[in-house]
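Please take me through this structure in a viewer, one selection at a time. I would like to know what to pick next and what is found there.

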Amino acid sequence: MHLPIKLLLPLLLSLPLAALAQGALPSDLQAALALQGDAARGKLVYDDECSACHRKDGRGRPNADTPRLAGQHASVIVKQLVDIRAGRRINPPMKPLVDGPAITPQAIADLAAYLQSMPVPDGTAKGPGTGVARGRALYDKDCASCHGSSGEGRAADFSPMVAAQHYPYLLRELQQIKTGARGNSNADMAKLLQGYGTADLEAVADYMAQLPAPPRR
């Protein structure tokens, strides 16, 4: 379920969430979450600053670097952009872009509102299909409690929607979370993935990539 950005900060501060269990939210993230996003303004920023790579409809590209952003939870977008800007998430190609003068905290909130409002497009890149059965078993055991039984994610604790995401991107992120190369990974997830071999990572990514986008609510 998508939540209005203006409701997220009270929710984050009142619930015993995994994000808060690891420590207080950084002040820059709290500030960005407290802003009310405007989707109309966000569209202008997106079209000017983001669409060349992530495409007009937010579908991203079938590679490891450009995820599908359309339909993603606003809280997830806010957190990742703020973390990249602050250096908590290691993403050298994106860092100079989010450091630009156009990407203010308000612009981040607006972008997040716009991206959340976009329908999830068809045509994201699938995996080979050979690991789906194994991936489903691993996902149901280890991932569904945070990312949802259908890959819908959970806005309140920054768990992204993983359904209908590009396979190469999912696989790269799993690998980077396991090794620590991502920088801002959930500590519990990073610990969990230490027990995954290459074939396990490929299987989970294969399964998540073939999940259909959850219905809008």
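A salt bridge here is a side-chain nitrogen of Lys or Arg within 4 Å of a carboxyl oxygen of Asp or Glu. With that in mind, select Asp65, Arg89, Arg172, Glu173 and Arg182 together: salt bridges link these residues in a network. The model is a predicted one. Across the whole structure, a search finds 16 salt bridges.

Next, select Asp83 and Arg88. These two residues form a salt bridge, and their closest N and O atoms are 2.8 Å apart. Asp83 has a relative accessible area of 2%, so Asp83 is buried. Arg88 has a relative accessible area of 28% and is partly exposed.

Move on to Arg154 and Asp157. Their side chains meet in a salt bridge, with an N to O distance of 2.6 Å. Arg154, at 36% relative accessibility, counts as partly exposed.

Now go to Asp57 and Arg59. A salt bridge joins the side chains of this pair, at 2.8 Å from N to O. Asp57 has a relative accessible area of 28%, so Asp57 is partly exposed: the value lies between the 20% limit for buried and the 50% limit for exposed.

To finish, return to the network and show the side chains of Asp65, Arg89, Arg172, Glu173 and Arg182, which salt bridges link.

Key:
Residues numbered from 1 in each chain as written. Predicted model: local features only at pLDDT ≥ 70, side-chain atom pairs only at ≥ 80, totals over all residues. Heavy atoms only, no water. Buried < 20%, exposed > 50% of the residue type's maximum accessible area, 1.4 Å probe, protein only.
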